[in-house]
Amino acid sequence: RLNAESPLHLIFTETIDASHGLQGFQARRIAFNLGLSGKAFKEMTKFVAALYNAYVGSDSALFEINPVLKASDNRIIAVDCKITLDENALFRHKDLAAMRDTREENATEVEAKAVGLNYVDLDGNVGCMVNGAGLAMATMDLIKQAGGEPANFLDVGGTADAKRVEEAFRIILKDDKVEAILVNIFGGIVRCDRVAQGIVDAYKNMGDAINVPIIVRLQGTNAEIAKELIDNSGLDVQSAVEFQEAADKVQAVIG
């Protein structure tokens, strides 16, 4: 059994050219590197080929067999298996999609997906609402640097209108560990002032449902106008333009 401390010479890697697929000599090399011979050698080459075909045929992101057993009669058996499917390819595998059991999934993540939000639940205390996956990752780093912990990954996409912002707020606030929410939007395709108005409208629509401080950083087209809209709204929303300014305000509200 290998682990992080195993000598590197015990770990063998086989790189497969996707345009050609797994070659016979590669499957044989895997079996050889495992020290197999005779029937076990032949069984392993078949096993590796079947594993690769199942991986490609199902459009999987991960196929992990751990452990693999060589039985006393030299048969090769998958004792346990972990498979991660690529959701983007499920339209080609309706039989696999039909096996989904949402009762086994995070209920909030399922709800977010149903309304078109990219949401991943985490264990922190600062909720995130961001447009774009890259900016969302940077925002999570910003929260860490401010002394907090991100409560979620949430990418609202390029259309942060009032309805979408409200849905995002409701999803974030389902987590009772959230002590503050940081909204970090870059206005490229969408104008910052429209996003700001969407935040104000969503906040008013939700009434008392929002019971934590909100820091909004809007950068890009009409960012200064957006800041004025937030500052003059009369709502308990703090605006920021610079990254560091947002970090400082997050730090202030979470203590």
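## The largest pocket

Helix 2 (residues 38–57) is the top contributor to the lining of the largest pocket, giving 6 residues. Helices here are DSSP runs of H or I with at least four residues, strands are E runs of at least two, and both are numbered from the N terminus. This is a predicted model, where local features need pLDDT of at least 70 and side-chain atom pairs pLDDT 80 or more, while totals for chains, interfaces and linings use all residues. Residues are numbered from 1 along each chain as its sequence is written, and side-chain values use heavy atoms, leaving out hydrogens and water.

The pocket holds about 1,200 Å³ of space. Its lining has 28 residues, and F12, I30, L34, I65 and V68 sit closest to the centre.

## Where two helices cross

The axes of helix 1 (residues 24–33) and helix 2 come within 8 Å and cross at roughly 130°. Axes are lines fitted to C-alpha atoms, for helices over the stretch in contact, with angles from 0 to 180 degrees between N-to-C directions.

Who touches whom? On the helix 1 side it's A27, R28, I30, A31 and F32, and they meet F41, M44, T45 and V48 of helix 2. Contact means heavy atoms within 4.5 Å.

Conventions
1 Å grid on protein atoms, 1.4 Å probe; cavity = no way out; pocket = protein on both sides within 12 Å on 5 of 7 lines; lining within 4 Å. Points joined across faces, edges and corners; volume = space filled by probe spheres on them.
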